[in-house]
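Please open the structure in a viewer and keep the sequence at hand.

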Amino acid sequence: MGSDLGQIFRLPGYVIEGLRYHAGGRLFRAKPRMIQFPVCDRCNARCLMCRRWQKDAREEISLAKIREVFSGSLFSRVEEVNLHGGEPTLRKDLAEICGIIQGGCPSLKRIWISTNGLGAERIRKRVEEILAVLDLRKLDLLEINVSIDGIGQTHDTIRGVPGGFEQSLDTLRTLQLLAKDHPLKISLGTVIQPLNLHQLAEIETLARTSGVSHFFQPLAFDAFFNLEDRADLAFSAEDRGGLTRFIEDRLAQGMSPTHFFWRDFLGMMDGQKRKSPCAFDRYVFSLYPSGKVLPCSQKDWILFGNVFDQPAEKIWFSRDARKIRERMKKEVCPTCPNYCGVEFSLRKEFFTYLRFTLREKAFSRARPRR
């Protein structure tokens, strides 16, 4: 009862925030609310579904430039930062990067860092350094996500590193010990692909028995399951059937934002347009190791500018950026199957989520009881 009353008392705030969020980018020029920052392209994994490790990793934005980027007022409304790579813990200055970002984002509440789990001692050291630098009293959440893309040999094959699965488990256990004495959340993440379809339930069990949260995200490229140059990663008709059943039975059952997305994903598999909201067209500032600024990496033409050429604020509010956002809404967003930013968006897009919950409750009451 107390929890329900709390939700009721917070309802006006949800409505006001929902109105403000919807108006951003339409009635006024909105500042970023989220930052996506792959801090480096260097990676010690050789994942089948990623080509970042094949890039020229010499291109790496310096600490001085990062400090310059976050010295202005552009990021005053940022609430969430996702740091990834490559492998972010390969940067020895990762903790300093976290400190700079927190200092430049006074509204920051959540920091999420992803790691491939290779090298438990290095990862532990980086996390300890981050814990020492951050003012944790100002954060609601500091989360470290460890990638698990299969059990045993399946994970090693996907990640391209013999013994990688055991290394990731070692990292998981190491971080869990650290979390006993620090305000730290540990989670596991899995990219669904043909090679691990037969082990998705086992991965869920691993997370549950380890006492950590877990999320799945779909393997997605520029077009839905359109892997013309990666036939080894394409889903066969049989794979699609297995994926559909797993989503229907396990991922789409519930009322959370995650369940909302997976219901929508099933519709997109059948050719329907996306219904899940996404913050990337209006509210996400993605900074890349080369200095490029873009909202998302779905298409080559989605590029706002480069911080080595212009200040971040000028790039964000430029006429070119506005045109790209409008083009994204028409050409990319309606068919985008990516999970990116869904939970963040649904926390903000109050009316979208309200419609979903009301509709689902109505349907559940109408369904015959077994």
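This is a predicted model: local features need pLDDT of at least 70, side-chain atom pairs count only at pLDDT 80 or more; totals for chains, interfaces and linings use all residues.

With which side chain does the side chain of Thr89 make a polar contact of 2.6 Å?

**Stop 1: Thr89 and its surroundings**

Select Thr89, which lies in the loop between β2 (80–84) and α3 (94–104). The partner asked about is Glu87: its side chain and that of Thr89 make a polar contact at 2.6 Å.

Now display the wider surroundings. Leaving aside residues up to four places away in sequence, Thr89 touches Leu94, Arg122, Ile123 and Arg126. Is Thr89 buried or exposed? Its relative accessible area is 3%, and a residue counts as buried under 20%, so Thr89 is buried.

A cis peptide bond joins Gly85 and Gly86, with omega at about 20 degrees. Gly86, like Thr89, is found in the loop between β2 and α3.

**Stop 2: strand β2**

Which residues of β2 lie on each of its faces? Glu80, Asn82 and His84 are on one side, Val81 and Leu83 are on the other, and all are buried, which leaves both faces covered.

Colour the partners of β2 next. Strand β1 (residues 34–38) pairs with β2 in the parallel sense over 5 bridges. Within this pair, Val81 in β2 is the bridge partner of Ile35. Strand β3 also pairs with β2 in the parallel sense, over 4 bridges. There, Asn82 stands opposite Trp112 in β3.

**Stop 3: the whole sheet**

As background, the strands of a sheet pair through backbone hydrogen bonds, in either a parallel or an antiparallel manner. Select every strand to see the arrangement. An open sheet is formed by 9 strands in the order β6-β5-β4-β3-β2-β1-β7-β8-β9, and its pairing is mixed. Why is one side of β6 (213–218) and of β9 (305–306) left without a neighbour in the sheet? These two strands stand at the edges and each has a single partner strand, so one side of each has no neighbour in the sheet.

Follow the order to β3 and β4. Strand β3 (residues 110–115) and strand β4 (residues 141–147) pair in the parallel sense over 6 bridges. In this pair, Thr115 stands opposite Val146 in β4. Then select helix α9 (residues 257–269), which packs on the sheet and touches β5 (185–192) and β6. The direction of α9 makes about 20 degrees with that of β6.

**Stop 4: two pairs of helices**

Two packed helices are described by the angle between their axes and by the distance between the axes.

The axes of α8 and α9 come within 10 Å and cross at roughly 150 degrees. Since angles over 145 degrees count as roughly antiparallel, α8 and α9 are therefore roughly antiparallel to each other. Their crossing is left-handed. To view the contact, show the side chains: Arg240, Leu243, Thr244, Ile247, Glu248 and Leu251 in α8 meet Thr258, His259, Trp262, Phe265, Leu266 and Met269 in α9.

Next, select helix α4 (residues 120–133) and helix α6 (residues 164–179). Their axes are 9 Å apart, and the helices pack at an angle of about 30 degrees. Angles under 35 degrees count as roughly parallel, and α4 and α6 are therefore roughly parallel to each other. The crossing of α4 and α6 is right-handed. Among the residues of α4 in this contact is Ile123, which Thr89 also touches. On the α6 side, the contact includes Asp170, Thr171 and Leu178.

**Stop 5: Thr357 and the complete chain**

Select Thr357 in helix α13 (residues 350–366). Thr357 has 13% relative accessibility and counts as buried.

Buried residues make up 52% of its 370 residues. Among its contacts between residues at least 6 apart in sequence, 74% join residues at least 24 apart.

Key: Residues are numbered from 1 along each chain as its sequence is written. Side-chain values use heavy atoms; hydrogens and water are left out. Two strands pair if DSSP finds at least two bridges between them. Contact means heavy atoms within 4.5 Å. Axes are lines fitted to C-alpha atoms, for helices over the stretch in contact, and angles run from 0 to 180 degrees between N-to-C directions. Buried means under 20% relative accessible area, exposed over 50%, partly exposed in between (1.4 Å probe, protein chains only). A polar contact is a pair of N or O atoms within 3.5 Å; within protein, one must be able to donate a hydrogen and the other to accept it, and residues adjacent in sequence count only if both atoms are side-chain atoms. Angles under 35 degrees count as roughly parallel, over 145 as roughly antiparallel, 65 to 115 as roughly perpendicular and the rest as oblique. A crossing is left-handed if the near helix is turned anticlockwise from the far one by less than a right angle, and right-handed if clockwise.
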